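Biologist: I'd like a close look at one part of this model, the strand pairing and what surrounds it. Please take your time and walk me through it in one go.

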Amino acid sequence: MVMIRSLLVALSVTVAVPAIAQDAPAPAPQQATPAGQEAAPLEVSVTGGVSAPLPIAIPAMPTAQVVDTPAGSTDALGRQMADIIANDLRNSGLFTPLGSNQLRPVGFQEVNAPAFDYWRGTGAQALVQGFVRANGDGNLTIGCYLYDTFSSVELTRAGFVVSPSDWRRAGHKCADMVYAKLTGEGPYFDSRVVYVSETGPKGKRIKRLAIMDQDGANHRFLTNGQSIVLTPRFAPNQQSIVYMSYENDKPSIYVYDLGSGRPRRVVQNASLTFAPRFSPDGRWILFSMAQGGNTDIYRVSSGGGTPQRLTTSPGIDTGGSYSPDGSRIVFESDRSGGQQVYVMNADGSGQQRISFGGGRYATPVWSPRGDLIAFTKLGGSFRIGTMSPSGGGEKILTGGQDEGPSWSPNGRVITFYRASPGSSGKADLWMVDLTGQVERRIPTPLDGSDPAWGPLRP
């Protein structure tokens with residue numbers, strides 16, 4: 001359990017707003033706890049799963065004046081903003097949102113002066129209110145307030161100034177503010193996922209790089225499908241993506257620049273290279289290279305150059321992933337006779353096996369919190385699990401044909417892909433939380449595999 005502490009915060013998408021805009025309603029005075037009742041801190045459990053998600057009211061955000069914008073009218077945006085916040089919080093499994101269709105409309109003057117008696121009557125323990133305003137410069141200002149309905153106090157607030165094309169980000173930022181305040185955990189809703197979009201028969205799949213918001217919105221394709229692509233991974237600065245491509249029928253590592261839309265090959269004049277991933281500081285690209293019937297892990301400068309070999313054992317070493325501080329690497333190797341998880345120092349020294357739970361282990365990836373390693377457990381089926389960096393505390397989170405885990409920015413949720421049985425070859429993207437109880441499919445236009453969750457957006 002994490003207790004809630006009152007705090008005033010300011011977050012931004014484009015421009016920080018240290019307090020809510022000047023033409024917003026004046027802040028309401030804090031009200032006393034109802035007679036005969038003792039105030040208690042609001043709390044949300046992030047470890048107890050879905051046994052008692054917090055009821056939270058999220059009415060449509062009003063506007064002082066209805067104005068048409070390139071993203072829609074400000075009153076329509078206020079309704080959609082509430083829906084985004086509600087969906088984000090619901091998908092976490094920790095909240096039960098009372099949506100705008102269940103609640104009476106909120107007037108603009110109520111934004112800073114909630115009718116706490118009404119909100120307590122809905123059963124909501126927390127309340128999210130806000131407003132949408134069109135600015136003279138063409139941007140939008142979004143205000144977001146979080147209240148404890150039982151104690152009748154404001155817990156936190158934030159203001160965001162965004163271009164009309166970025167209005168959805170303000171909704172995710174607001175949801176992040178609420179989530180972080182009520183759980184004590186880091187935010188993760190304002191983030192993106194890159195993945196491999198697939199279509200066509202199983203034996204002849206067309207695979208393209210695609211990118212989208214973590215909820216599936218703002219989807220776009222990055223490559224045209226003329227060459228097969230695999231294992232895309234974000235750079236820490238989110239300006240580029242490293243991936244493997246079969247361009248010219250030779251599997252090689254490329255970096256795709258999101259600004260220019262141009263790819264560049266990383267390792268020149270090399271044999272089979274695959275499974276790339278950036279280091280946390282973006283200086284290095286970790287990858288595997290096959291030479292002379294042996295596959296080892298290498299690193300190369302993100303700008304290119306001569307690769308440095310990190311492993312030398314016979315067999316296949318692949319799937320390297322850095323610890324958050326960049327000091328260690330987790331990887332998979334079959335040097336013991338079957339796929340297992342190993343860790344080593346960033347220079348390749350100190351290699352040791354950490355998986356001993358029976359069966360085979362693949363695709364290990366270090367949590368951004370540093371406390372866990374996610375993996376695919378092989379044996380009869382493919383399942384997503386976690387273990388500590390020392391190999392203890394193994395926990396299986398999913399069942400079925402699940403592969404390729406990737407962590408949310410706060411290390412509380414894992415995305416992966418699930419393949420359907422049979423000859424159809426259909427694959428979908430999914431998410432699961434660390435309890436294993438909250439699982440949902442991520443909507444994509446076509447089939448999807450190899451998801452990689454990017455960092456929190458600035």
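Modeller: Strand β31 (residues 413-419) and β32 pair in the antiparallel sense, over 7 bridges; strands here are DSSP E runs of at least two residues and helices H or I runs of at least four, numbered from the N terminus, and pairing takes at least two DSSP bridges. One place to look is Val413, which sits opposite Asp433 in β32. Before we go on, remember that this is a predicted model, with local features needing pLDDT of at least 70 and side-chain atom pairs counting only at pLDDT 80 or more, while totals for chains, interfaces and linings use all residues. Residues are numbered from 1 along each chain as its sequence is written, and side-chain values use heavy atoms, leaving out hydrogens and water.

Now β32 itself, residues 427-433: 7 of its 7 residues are buried, meaning under 20% relative accessible area with a 1.4 Å probe, protein chains only. In a regular strand the side chains alternate between the two faces of the sheet. Here Ala427, Leu429, Met431 and Asp433 point one way, Asp428, Trp430 and Val432 point the other, and all of them are buried.

β32 also pairs with strand β33 (residues 439-442), again antiparallel, over 4 bridges. Met431 has Arg440 as its bridge partner there, and Val432 has Glu439. The two strands make a hairpin with 5 residues between them, and Gly436 in that turn has a positive phi of about 80°.

A pocket is an open set of points on a 1 Å grid over the protein atoms alone, where a 1.4 Å probe fits, with protein on both sides within 12 Å along at least five of seven lines; lining residues have an atom within 4 Å of a point. The largest pocket has 29 lining residues, with Thr231, Arg233, Thr363, Tyr417 and Asp450 nearest its centre. Elements giving two or more residues to that lining include β14 (229-234), β18 and β34 (447-456). By type, the lining is 13 nonpolar, 9 polar and 7 charged, where Ala, Val, Leu, Ile, Met, Phe, Trp, Tyr, Cys and Pro count as nonpolar, Asp, Glu, Lys and Arg as charged, and the others, Gly among them, as polar.

The second largest pocket is lined by 24 residues; Arg277, Trp366, Pro368, Trp453 and Pro455 lie nearest its centre. β14, β18, β22, β26, β30 and β34 each give two or more residues to this lining, and β34 gives the most, with 4 residues. This lining splits into 15 nonpolar, 7 polar and 2 charged.

α3 covers residues 167-183 and reaches 25 Å from its first C-alpha to its last. Of its 17 residues, 15 are buried.

Methods
The expected span of a helix is 1.5 Å times one less than its number of residues. Buried means under 20% relative accessible area, exposed over 50%, partly exposed in between (1.4 Å probe, protein chains only).
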